[in-house]
Amino acid sequence: MDKNKFKMVRCGTMEKNIFKKISAVVPTELDFDRAIRFEYQIPNCTLIPDRVCHDDISDIRQKYAVKVMSAGTTLSNKLNDVLHEFPCVRHLDPVYASLLHQRYNMYHYDRAVRQVSVTQTLVNVMSFNYVDLLRKDDDCDSRDKCRSLGVTALARMLTFAKSCIPALNLLDQVREFMASVEDDAAATSLVNKYSDVLPPEKYPFPDIVWEDETADFVDPETLLLVEELDRRYELWLKGGSHI
């Protein structure tokens, strides 16, 4: 069979509306919170040896390193699921690309995808760097210093994950609308209907957050949340109570 003919046959059988194939659930702020809370759930303490509640600094370092690594992986995976399922603009069928652009603005969509990608990278980098500090930094030589470093790491990763919530909300709106389009004919009809891009205030342009713009920044409320989770967990380790 002629190669060009084969390509035409394949393209003819492909689903043009890629958004109908999306199965990933776009994470919410609550999902990100749960990723951190999971590290402090009492049943999960079996993942960490009992001896970590002693004063051996190497055990304390390891306890927080495990939490940071696990939470970082969970947050990163949630963002990666979105990146894996939501198509790049260049992969869209022209009709559906036109519809997306007229309904939501293609550049807003593309920037939202980039925000999720940047956030995932930052979470990965922060997780790696903090784990490295917890395991190797000579200045991390006391329980309080290890605790402060570990709690800050978790709070910073959660802060950055939450920073892309506006972008995730936009992507979910796009997915819901585009997946509801029945077929190519309906898409063409809607392209003619939405001849003007909707006002920017209805579908705000997501701002990409870069690490150097928020160096060492931690949302105060997020930090308080993680500090309280850590305090309760320490009480349980010491036999205080099940909270």
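Aspartate 132 and lysine 136 are four residues apart in helix α5 (residues 106–136), so about one helical turn separates them; helices here are DSSP runs of H or I with at least four residues, strands are E runs of at least two, and both are numbered from the N terminus. The side chains of aspartate 132 and lysine 136 meet in a salt bridge, at 3.2 Å from N to O. The term salt bridge denotes a side-chain nitrogen of Lys or Arg within 4 Å of a carboxyl oxygen of Asp or Glu. Aspartate 132 counts as partly exposed at 31% relative accessibility, while lysine 136 is exposed, with a relative accessible area of 60%. These classes are set with a 1.4 Å probe on protein chains only: buried is under 20% relative accessible area, exposed is over 50%, and partly exposed lies in between.

The model is predicted, so local features need pLDDT of at least 70 and side-chain atom pairs count only at pLDDT 80 or more, whereas totals for chains, interfaces and linings use all residues. Residues are numbered from 1 along each chain as its sequence is written, and side-chain values use heavy atoms, with hydrogens and water left out.

Across the whole structure, the search finds 11 salt bridges. Side chains of opposite charge can pair when their charged atoms come close. Helix α7 (residues 165–179) holds both arginine 175 and aspartate 172, three residues apart, or about one turn of the helix. Their salt bridge has its closest N and O atoms 2.9 Å apart. Arginine 175 is partly exposed at 23% relative accessibility, and aspartate 172 is partly exposed as well, with a relative accessible area of 29%.

A further example comes from helix α9 (residues 220–237), where glutamate 228 and arginine 232 are four residues apart and thus separated by about one helical turn. In the salt bridge between glutamate 228 and arginine 232, the closest N and O atoms are 2.9 Å apart. Glutamate 228 has a relative accessible area of 28% and is partly exposed; arginine 232, at 37% relative accessibility, also counts as partly exposed.

Turning to the aromatic side chains, the count comes to two aromatic pairs. Rings of Phe, Tyr and Trp (its six-membered ring) pair if their centres lie within 6.5 Å; planes under 30 degrees apart are called stacked, over 60 edge-to-face, and the rest tilted. Tyrosine 40 and tyrosine 233 form an edge-to-face pair, 5.7 Å centre to centre with 75° between the planes. Because tyrosine 40 lies in the loop between α2 (29–38) and α3 (57–85) and tyrosine 233 in helix α9, the pair ties together parts that are 193 residues apart in sequence. Tyrosine 40 is buried at 6% relative accessibility, and tyrosine 233 is buried at 2%.

Tyrosine 104 and phenylalanine 177 also form an edge-to-face pair, at 5.8 Å centre to centre and 70° between the planes. This pair links distant parts of the chain, with tyrosine 104 in helix α4 (residues 94–104) and phenylalanine 177 in helix α7, 73 residues apart. Both tyrosine 104 and phenylalanine 177 are buried.

Lysine 67 brings a charge to the pair of tyrosine 40 and tyrosine 233. Lysine 67 lies over the face of tyrosine 40, 4.3 Å from the ring centre, and its charged end sits over the ring of tyrosine 233, 3.9 Å from the centre. A charge sits over a ring if NZ of Lys or CZ of Arg is within 6 Å of the ring centre and within 35 degrees of the ring normal.
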